[in-house]
Amino acid sequence: MAAAAAAAGPVFWRRLLGLLPGRPGLAALLGRLSDRLGRNRDRRRRRAPWLLLAPLLSPAVPQVTSPPCCLCPEGVHRFQWIRNLVPEFGVSSSHVKVLSSPAEFFELMKGQIKTARRRVVMASLYLGTGPLEQELVDCLESTLEKSLQAKFPSDLKVSILLDFTRGSRGRKNSRTMLLPLLQRFPEQVRVSLFHTPNLRGLLRLLMPERFNETIGLQHIKVYLFDNNVILSGANLSDSYFTNRQDRYVFLQDCPEVADFFSELVDAVGDVSLQLQGDDTVQVVEGMVHPYEGDRAAYCEAANKRVMDVINSARTRQQLLHTQTFHSDSLLTQEDAAAAGDRRPAPDTWIYPLIQMKPFEIQIDEIITETLLTEAERGARIYLTTGYFNLTQAYMDLVLGTRAEYQILLASPEVNGFFGAKGVAGAIPAAYVHIERQFYREVCSLGQQERVQLQEYWRRGWTFHAKGLWLYLAGSSLPCLTLIGSPNFGYRSVHRDLEAQIAIVTENRALQQQLHQEQEQLYLRSGVVSSATFEQPSRKVKLWVKMVTPLIKNFF
């Protein structure tokens, strides 16, 4: 078996390199990665290094069919290969705004709901039940009322996608919050509740509330109003509007991006349960039931529905790209303005990265691993997660490649589970245990100068920010960021439905915005050292250490 694996390794590398033509440095980098990981394999007891990137070879991902285009303006940026896997949306940096606070996020959402005329699309894990969440629902109700009373009634539609298990928790829950809208505006409001196909049968009957959420969730966070989109990791709950730090980016007047995410939420909604006005749920006609029907048939149908959205958008954007830059009669910017298209020329590119492993969709995983693999010596990656529990593949790449890493994570006191009752109260300690194990491995490999951990702390706040910023070697500003719902952990990669965007920009002002966002978060952190784990708050009970390896794939 070992001989067969060794023989298969080069085939995997060749297929991986086939995804990225015109990348002369990647072969050498992957070779060095293989050598370095191979040297540490026995000591670290990990998988063979060529298996590390096996997820990159998923047949569900479109293969590259042509080299990057060098005839058009965006041919200059090095991340153009991403458009071979997902649609590429060119926008002006003036349409991208980075938000910094929960209050700003909340006020922007209310304002956007009030001015929406055509569509409101909201995807979240859940909707809370407090007064601030009710304020959002009231905004939706008021806007729907106005759409009917207007002199020329609009065709405003509201579509909300939440997770079934999280949204059904307790007697007062997300469903009961939204029922009045469904009952009053049945033709305009749709509420979809995603139920993971992995929670079924006896497991579904035996798993109590809260615990059933560990099997798999709808975790996408997208908030869309006409042609404006907010991408975030924040849920629709009071703490995310007040004192739970997250990340948020606002894309203004980006119709193609808005259409894509509207279609994506519709696709997931179609394979979800539909909330009815009497608080029952129904399956969309013709769709396989997520937990009563055949699992394989359901997942196959869901894969097709979601991939149709991704592939059709990719085809549309490629056609638009060809018409814009490769037509026999290219329009000048002045001609385009005269023809009615007054949007500025793009200097920023948006790439939606989707991860839905239950449906065998692994695009986010592929692109994230490739970005980490390709980061050269001297590059800096600032990676943040509210729940530090990296997958083995991400951990190997951080430890085995050449870029410098500064990883921001939550101190126990700002972990969302800190002070929780019951077993959940031990979760911050489990994260401390995982953090300490990783730190020890960094030290054992002599990587303390290259890989640094930092803990976020802010009195009275919790920490939920996730994503990364990439600084090329010699640059003081980031040229790429990932922002959205994934946490880089096992759940994000294997269990939940996730979406984020890669933003690539050449615009210095937007790069400065992203840099300031990163700095503001890291300024509230302290560097982790051996002394960190000697503090009383970092003491982990024996039973937590024993249980953590058994449950770490569930949180």
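Q: Why is Cys 299 called buried in this structure?
A: In this predicted model, Cys 299 has a relative accessibility of 8%, and buried means under 20% relative accessible area, so Cys 299 is counted as buried.

Q: What makes Cys 254 buried or exposed?
A: The relative accessible area of Cys 254 is 3%; since the limit for buried is under 20%, Cys 254 is therefore classed as buried.

Q: How many disulfides are there, and by what rule?
A: A disulfide requires a pair of cysteine sulfur atoms within 2.5 Å, and by this rule the count is 0.

Q: What makes the span of helix H15 close to the expected one?
A: The helix runs over residues 427-444, 18 residues in total, and its first and last C-alpha atoms are 26 Å apart, which is close to the 26 Å expected at 1.5 Å a residue.

Q: Which residues of H15 are buried, and what follows H15?
A: The buried residues of H15 include Ile 427, Tyr 431, Ile 434, Phe 438 and Val 442, each of which must fall under 20% relative accessible area to be given that label. Just after the helix, Gly 446 adopts a positive phi of about 65°.

Q: Which residues touch the most other members of the largest nonpolar core?
A: That core holds 113 residues, and the residues touching the most other members are Phe 79, Met 356, Ile 407 and Phe 438. At least three of its residues come from domain 1 (90-307), and at least three from domain 2 (346-552). A further core, lying apart from it, has 44 residues, including Leu 127, Val 158, Leu 181 and Ala 234.

Q: What is Phe 79 in contact with, beyond its neighbours within four places in sequence?
A: Contact calls for heavy atoms within 4.5 Å, and the partners of Phe 79 include Tyr 351, Leu 371, Leu 470, Cys 479 and Val 504.

Q: How much of the protein chain is buried?
A: Of its 555 residues, 56% count as buried, that is, under 20% relative accessible area.

Terms used:
Residues numbered from 1 in each chain as written. Predicted model: local features only at pLDDT ≥ 70, side-chain atom pairs only at ≥ 80, totals over all residues. Heavy atoms only, no water. Core = buried A, V, L, I, M, F, W, Y, C linked by side-chain atoms within 4.5 Å. Buried < 20%, exposed > 50% of the residue type's maximum accessible area, 1.4 Å probe, protein only. Domains from an automatic or database assignment. Helix = DSSP H or I, 4+ residues; strand = E, 2+ residues; numbered from the N terminus. Expected span 1.5 Å × (residues − 1).
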